[in-house]
Amino acid sequence: QVIFPKKLQTEEEQKHPFKPKDIANLIDYFMEENEDYIDVISCPDVKVMYKIGSGIDKDAIIVKSELLINEIFSLQAIIGCLCDIEHRAEWDGSIRDSKILKTYEWNVAVYSYIAAQADLPSLEFVEKSVVFRCGNAVYIYATSVDESLTPTKSLHERGTTLISGKKIERTGKFISIKTV
């Protein structure tokens, strides 16, 4: 099963269609790979680390994190907070503006948001994302949409998301949210 509608697929995705299991394996690989990462926060409930460069892009900044949350929230509520870009803008301080551009079958959405970190210039991101279950976990996968498919009238430079993955699963008394 192909995840994204054909008109949203890059040439690479059309040549080598991802299946949900392939995407889950890719996200798991990035989460387990720890070479050259620098710890930013390392506490029992929160871990954040980063590195510069990858096999995909030598200048890319790759950030990984893990958050453990007591099961006071339902899995559905947590997934909703992470997936709904307009809701996410309410609690994610880096998002300045957001909107859902289109939704499709199979939990696929295309959305845009403008993000800024500290004193860096704001960038506009246009991403396609999908939510799916694989094994005992729920995955959220997002990547940039080709600019020719979604031209915008933004005054901001276009940012690129090579891969954004989240893995949400129950681990004992906690819900684990791992991101890359």
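Predicted model: local features only at pLDDT ≥ 70, side-chain atom pairs only at ≥ 80, totals over all residues.
**Stop 1: the whole chain**

Show the cartoon. Follow the sequence and the pattern reads α-α-β-β-β-α-α-β-β-β-β-β-β-β. The C-alpha atoms fill a box of roughly 45 × 40 × 35 Å along the principal axes. The radius of gyration is 16 Å, which agrees with the value near 16 Å for a compact globule of 180 residues. Now think about contacts between residues at least 6 apart in sequence. Of these, 45% join residues at least 24 apart.

**Stop 2: helix H2**

Select residues 20-32, which form helix H2. H2 has 13 residues. From its first C-alpha to its last it reaches 18 Å, close to the 18 Å expected at 1.5 Å a residue.

Next, colour the buried residues of H2: Ile 23, Ala 24, Ile 27, Asp 28, Phe 30 and Met 31. Where do they sit around the axis of H2? They cover an arc of only 160°, so they lie on the same side of H2.

**Stop 3: the largest nonpolar core**

This core has 22 residues. Select those with the most contacts inside it: Phe 4, Leu 8, Ile 27, Val 130, Phe 132, Tyr 139 and Tyr 141. H2, strand E5 (108-115), strand E6 (123-134) and strand E7 (137-144) each supply at least two core residues. The largest share, five residues, comes from H2.

Zoom in on Phe 4. Leave aside its neighbours within four places in sequence. Its contacts are then Gln 9, Glu 13, Val 108, Lys 128, Ser 129, Val 130 and Tyr 141.

Now look for a second, separate core of eleven residues. Ile 69, Val 138, Ile 140 and Ile 175 are among them.

**Stop 4: Ser 176**

Select strand E10, residues 174-179, and find Ser 176 in it. Is Ser 176 buried or exposed? Its relative accessible area is 1%, so Ser 176 counts as buried; the cut-off is under 20%.

Which side chain makes a polar contact with that of Ser 176? Show Glu 66: the contact is 3.1 Å. Beyond four places in sequence, Ser 176 touches Glu 66, Leu 67, Leu 68, Lys 167, Ile 168, Glu 169 and Thr 171.

Note on methods
Residues numbered from 1 in each chain as written. Heavy atoms only, no water. Core = buried A, V, L, I, M, F, W, Y, C linked by side-chain atoms within 4.5 Å. Buried < 20%, exposed > 50% of the residue type's maximum accessible area, 1.4 Å probe, protein only. Helix = DSSP H or I, 4+ residues; strand = E, 2+ residues; numbered from the N terminus. Contact = heavy atoms within 4.5 Å. Polar contact = N/O pair within 3.5 Å; in protein donor to acceptor, adjacent residues only side chain to side chain. Expected span 1.5 Å × (residues − 1). Arc of directions from axis to C-beta. Rg over C-alpha atoms; globule rule 2.2 N^0.38 Å.
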